[in-house]
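Trainee: I'd like to learn how to read features off a model like this one. Could we go through it together, one feature at a time?

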Number of protein chains: 2
Amino acid sequence: MTTTEISKARGEAWLAGADLRPTRQRVLLASLLVGDGRDRHVTAEWLHDAACASGDKVSLATVYNTLRAFTDAGLVQEITVDGTGSYFDTKLDDHPHFYWEDEGRLSDAGSEALQIVNLPDAPDGMDIAKVDIVIRLRAKR
Amino acid sequence: MTTTEISKARGEAWLAGADLRPTRQRVLLASLLVGDGRDRHVTAEWLHDAACASGDKVSLATVYNTLRAFTDAGLVQEITVDGTGSYFDTKLDDHPHFYWEDEGRLSDAGSEALQIVNLPDAPDGMDIAKVDIVIRLRAKR
DNA sequence: GTATTTGCAAACCCTTTGCATTCGT
DNA sequence: ACGAATGCAAAGGGTTTGCAAATAC
């Protein structure tokens, strides 16, 4: 089995787990996202470029719609860092991120170390849905 | 002195502290932001509406340009919560926020209590510019 | 065969910009 | 007067949507 075939099989299994039809485009995008078993933080544009670079073709609108579908299905989570676009993270739990301001890149921050103490109580009638933590990095001058 | 006059005076002093020319529009927006001495989290649209409601008129483009100028001057900080827009916060230090998802509103979270333990070290050659913490609230069902 | 998905282009929303006019000093 | 700020309308960038053609089951 080639690594490409393994990636594809992983992508298909990942889609199947969410009851999403394995169309050609979805399998391609899924294999680019989870094909090597590593966590990824992608933008729609990056994923579209990667898809095109792989030889196949997918329209940018489909990349957007598919990422939306993956998000709705709980396969990825959407992260917003600044107003200019979204990142989609294949790691699903609530964990902190590094944002490399100079490169516009997002990565996981070593979460095992970080913890928050004394998280404020949610106001009456409210639940804490999620705690977004983004550590902004800038090149040391 | 009426409260309106006090607000205006506060706005003017605030602008003066950043060497920004006290134009009619800037004084109006500044007084809406800091006129009562309380911290605010506003969107461009909210501020524009508030300005119009006060009787004066300012174009939306000027509200955007002015908020940008205030941000550049260090009078407010920009906070992004989701891709749909920016909030501008008159409180300048690095502190956590509540985001009321149902209302699209941002407010300060009781920061005195919260603290982060074991913040990951910044990678080599990088400085931590800022740590954004947004606690997303949802109505309890 | 039927419902879903895709692709394209147009629409959208928030934000910025170009340029002539007005304002602050 | 001079440079800076304003307003309008147009452009911009990322994302979504309408609808016809293609695809999955």
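Predicted model: local features only at pLDDT ≥ 70, side-chain atom pairs only at ≥ 80, totals over all residues.

Trainee: Which residue of β3(B) is the bridge partner of His41(B)?

Mentor: That's Asp89(B). On to the next pairing: β3(B) is also joined to strand β2 (residues 77-82) of chain B, again antiparallel, by 5 bridges. Here Ile79(B) is the residue standing opposite Tyr87(B) of β3(B).

Trainee: How many residues does the hairpin between β2(B) and β3(B) go through?

Mentor: The hairpin joins the two strands through 2 residues.

Trainee: Okay, aromatic pairs next. What do I look at?

Mentor: A pair of aromatic rings is described by two things, the distance of the centres and the angle of the planes. Searching the whole structure turns up 6 such pairs over all chains. Take Trp14(A) and Phe70(A): their ring centres are 5.1 Å apart and their planes stand at 85°.

Trainee: Why does that count as edge-to-face?

Mentor: Because edge-to-face needs planes over 60 degrees apart, and this pair is at 85°. The pair also links distant parts of the chain, with Trp14(A) in helix α1 (residues 3-16) of chain A and Phe70(A) in helix α4 (residues 60-72) of chain A, 56 residues apart. Both Trp14(A) and Phe70(A) are buried.

Trainee: What geometry do Trp14(B) and Phe70(B) have?

Mentor: They form an edge-to-face pair too, at 5.1 Å centre to centre with 85° between the planes. Trp14(B) is in helix α1 of chain B and Phe70(B) in helix α4 of chain B, so the pair ties together parts 56 residues apart in sequence.

Trainee: Are those two buried or exposed?

Mentor: Trp14(B) has 17% relative accessibility, so it counts as buried. Phe70(B) is buried as well, with a relative accessible area of 0%. Beyond four places in sequence, Phe70(B) touches several residues, including Leu20(B), Ala30(B), Leu33(B) and Val76(B).

Trainee: What about a charge over a ring?

Mentor: Look for a charged end lying over a ring face. Arg105(A) lies over the face of Trp100(A), 4.4 Å from the ring centre. In chain B, the charged end of Arg105(B) sits over the ring of Trp100(B), 4.4 Å from its centre.

Trainee: Last one: which side chain does Asp132(A) make a polar contact with?

Mentor: The side chain of Arg136(B), at 2.7 Å. Asp132(A) is in strand β7 (residues 126-139) of chain A. Its contacts, leaving aside neighbours within four places in sequence, are Asp132(B), Ile133(B), Val134(B) and Arg136(B). With a relative accessible area of 18%, Asp132(A) is buried, because the cut-off is under 20%.

Note on methods. Residues numbered from 1 in each chain as written. Chains lettered and ligands numbered in written order. Heavy atoms only, no water. Helix = DSSP H or I, 4+ residues; strand = E, 2+ residues; numbered from the N terminus. Buried < 20%, exposed > 50% of the residue type's maximum accessible area, 1.4 Å probe, protein only. Polar contact = N/O pair within 3.5 Å; in protein donor to acceptor, adjacent residues only side chain to side chain. Contact = heavy atoms within 4.5 Å. Phe/Tyr/Trp six-rings, centres within 6.5 Å; stacked < 30°, edge-to-face > 60°. Lys NZ or Arg CZ within 6 Å of the ring centre and 35° of its normal. Pairing = 2+ DSSP bridges.
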